[in-house]
Amino acid sequence: MSMAGNERIKIITGDITALDADAIVNAANSSLQGGGGVDGAIHRAAGPELKAYCKTIGTCPTGEARITPGFKLRARHVIHTVGPVWHGGEKNETALLASCYRESLQLAASAGCRTVAFPAISTGAFRFPADKAARIAWATITDFLRTHPQPETVYLVFFEENARSIFERAVKDEF
Ligand code: ADP
């Protein structure tokens with residue numbers, strides 16, 4: 001595990017919609033038309049232009065990502081990625097979740113983002129076990145950062161202290 005990669009990941013608690021990052025990642029659904037959880041919060045904070053812009057993109061398959069402006073958000077961009085619904089682990093969930101992180105980081109790098117913030121994709125309404133999701137997120141992000149200078153810093157944003165401590169426990173051997 002690369003220390004350089006680890007030092008570029010910051011774990012924080014808070015509301016991702018308030019973050020001053022070059023890009024925030026949205027745990028979207030494939031319609032890209034908003035929904036519950038972090039998706040609803042991002043659409044509310046960005047304003048109705050976001051939904052209108054997403055309509056011009058169309059749908060996004062699970063495991064892929066699309067980039068839009070941030071509109072009323074402090075973040076310049078929103079990267080919408082569609083996490084897998086957890087079906088017990090036999091439906092390619094691990095590879096699809098890793099793909100969400102990788103594609104989002106690739107889009108952030110291509111857009112010249114120095115900072116990008118992720119929520120815990122798929123761990124809410126999509127029921128992906130938080131400890132498994134944590135190890136996948138950590139491994140995929142550190143892997144990407146090892147071979148890419150951008151983004152310089154990746155924020156992992158947890159809405160609640162409990163979710164943050166589950167994450168930290170799951171990846172503590174990797175620090
Ligand atoms: P999914 O459908 O991918 O599971 P959810 O939005 O239901 O997405 O949940 C993903 C994670 O985002 C959950 O851990 C949830 O607690 C968290 N979350 C919800 N709102 C916010 C927010 N405003 N900022 C950061 N994280 C949030």
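Q: What pattern does the protein follow when it is read along the sequence?

A: Helices (DSSP runs of H or I, at least four residues) and strands (E, at least two) are numbered from the N terminus. In this predicted model, the protein follows the pattern α-β-β-α-α-β-β-α-β-α-β-α, which comes to six helices and six strands.

Q: Why is the protein described as compact as a globular protein of its length?

A: The radius of gyration is taken over C-alpha atoms, and the globule rule is 2.2 Å times the number of residues to the power 0.38. Here the radius of gyration is 15 Å, close to the 16 Å that the rule gives for 175 residues, so the protein is as compact as a globular protein of that length.

Q: Is alanine 65 buried or exposed?

A: Buried means under 20% relative accessible area, exposed over 50%, and partly exposed in between (1.4 Å probe, protein chains only). Alanine 65, found in strand S3 (residues 65-69), is buried, with a relative accessible area of 6%. Buried residues make up 45% of the 175 residues.

Q: Which residues does alanine 65 touch?

A: Contact means heavy atoms within 4.5 Å. Not counting residues up to four places away in sequence, alanine 65 touches Cys60, Ile79, His80, Thr81, Glu103, Ser104 and Leu107.

Q: Which rules apply to numbering and to the values?

A: Residues are numbered from 1 along each chain as its sequence is written, and side-chain values use heavy atoms, with hydrogens and water left out. As the model is predicted, local features need pLDDT of at least 70 and side-chain atom pairs count only at pLDDT 80 or more, while totals for chains, interfaces and linings use all residues.
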